[in-house]
Amino acid sequence: MRLLLTNIILAFFIVTSFGQKTKSYDVVVYGGTSAGIASAIQSSRMGKSVVLIEPGKRLGGLTTGGLGQTDIGNKHVVGGISREFYQNIGKYYQIPENWKWQERSDYVDEGQTRTEKGEDAMWTFEPSAALKVYHQMLSHEKVDIVYGERLNRETGVIKKEGRIVSIEMENGKRYTGKMFIDATYEGDLMAAAKVSYSVGRESNNEYGETLNGIQANRINRTLKWTLSRNAHNHNFIDAVDPYVVKGDPSSGLLPYIVEGGKPGIDGHGDKGIQAYCFRMTLTDHPENRIPFKKPDNYKEINYELLFRNYEAAIGPIEEMYTYGDKLVPWINSPMPNRKTDTNNQKGFSTDFIGQNYDYPEASYEEREKIVQAHRNYQQGLMWTLAYHPRIPQKVRDAVSKWGTCKDEYEKRSNGWQEQLYIREARRMKSEYVMTQKNCERIEVVEDPVGMGAYGMDSHHVKRYVDANGFVQNEGNVEAHVPNPYPISYRSIVPKKDECENLLVPVCLSATHIAFGSIRMEPVFMVLGQSAATAACQAIDQKKAVQDIDYTLLKEKLLNDKLILEIE
């Protein structure tokens, strides 16, 4: 009775207050990420009216923004709409016309594209291919898609009696809904709705973890968990000097090193954010390659640590990072059509360490400056590696063969995407927080809505001067997850007293280290579909999202081929 009366009051409020700029839907999805797309598709399939609002100009988030070498962990736990997407990618590359820059028979990946004989899905792809597949999938659904409208984060969320009534964009447009889904990487709708969240790293003591917090003693701590063989390669060669004038602390620190030295107390929490970068789409095809360009604001001193890192090498450059016959292996993560998904590696690379702390809470304008600073840094890095005389000739020869692509990202003249790799921002704090214990199956939830399988992964958080007076990076963790583990429904819904009609499948309730495992695009799609299923059932049951019948939710998820547990 209370819920019915509330709905009547809200309907009157909407009609009398908002006028012509208001549109009403059953489900309002804010954020056109992979999770947002899955949420919108599922809402449509369940017969609900749905709007998908993308603040930018391009759908798909990181899946269409450069992350074409899919990080998964165990593909057998990827089901539902998420698996449909990867199956459709496989179908896309069965069409000969989609192989423009190389013969299909010439494409050889590193074992990621298909991992089983006869597998119908494909897990490595060009950003443009992912975008086409998403649009094709959406074309079969009744989804209103809105581009270029950003939430008014100050006053744009209207709540009454614990429920969101409507959200208002910066341009004054309003969207009312029975249910809302925040599918952004930043958690902007969640935060504007006054839902509890955290930013940064928790201390190990807070949730009884061992891998969270500051990683001050990286050598000794490696004994506490299983690291990948590349873990140490994310730091500097020994004895790289951090000062503007070598050996002279009075000359000041080089750029991007934390003032005051010392990483902090091992295992304690802080407000640091693991580093962001652009997952560059590069090619070595002469007809499609855009050579790396020196930025107008280029400053050589910004790359002095890179020069010194090479100069500190002992022996052949190809042995410096154990490259073997690959001088720059992080460029060579092959995608179809002679393209790559280029990610961070080594001590000084594409990660802009320590330069993103303000991003989660920053205004839109401030965020744009942070994004541009990352782009400037990375463009300067690639030009430096390709052409600067202080870079070893072997490295320059290898890197300069590559460049950005003419045929990606709306064919932008410089070949750079808009989507920054937001590895982590806000994380909701709900009634259930996913932790390291869940990832290791020490604790197993009874209300799964998807599964995680990737290792607990954090990129570096800060760069500092160690006790010996040399530069180090801090924050990297690459910890093994023994088996896939279930993700709780309670972790994607807020506390009931904070909001009854919101679901958060991306910035879900998890600690920093657990989120490092969950934060994979296939998992976000799974959780987006689960969130939409719960939203639709909450509408049908006339209940808060916290009060729906989980048995019915589980039944529907299984019927829709989501994987909720391993056999």
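In strand β21, Y485 is the bridge partner of G452. That pairing belongs to a predicted model. Strand β16 covers residues 448-452, and β21 covers residues 485-488. The two strands run antiparallel. They are joined by 3 bridges. Strand β16 is mostly covered, with 5 of its 5 residues buried.

Side chains deserve a word here. In a regular strand they alternate between the two faces of the sheet.

Now move to another strand, β19, which spans residues 471-474. Q472 sits in it. Is Q472 buried or exposed? Its relative accessible area is 12%. Buried means under 20%, so Q472 counts as buried. The side chain of Q472 also has a polar partner. It makes a polar contact with the side chain of D466, at 3.1 Å.

Turn next to open space in the model. Rolling a probe the size of a water molecule over the atoms shows where empty space is left. The second largest pocket holds about 950 Å³ of space. How many residues line this pocket? The lining has 35 residues. Nearest the centre of the pocket lie E54, P55, G56, E418 and Q419.

Which element gives the largest share of that lining? Helix α10, residues 364-387, does, with 6 residues. By residue class, the lining of the second largest pocket splits into 13 polar, 12 charged and 10 nonpolar residues.

Definitions and conventions. Residues numbered from 1 in each chain as written. Predicted model: local features only at pLDDT ≥ 70, side-chain atom pairs only at ≥ 80, totals over all residues. Heavy atoms only, no water. 1 Å grid on protein atoms, 1.4 Å probe; cavity = no way out; pocket = protein on both sides within 12 Å on 5 of 7 lines; lining within 4 Å. Points joined across faces, edges and corners; volume = space filled by probe spheres on them. Helix = DSSP H or I, 4+ residues; strand = E, 2+ residues; numbered from the N terminus. Nonpolar A, V, L, I, M, F, W, Y, C, P; charged D, E, K, R; others polar. Buried < 20%, exposed > 50% of the residue type's maximum accessible area, 1.4 Å probe, protein only. Polar contact = N/O pair within 3.5 Å; in protein donor to acceptor, adjacent residues only side chain to side chain. Pairing = 2+ DSSP bridges.
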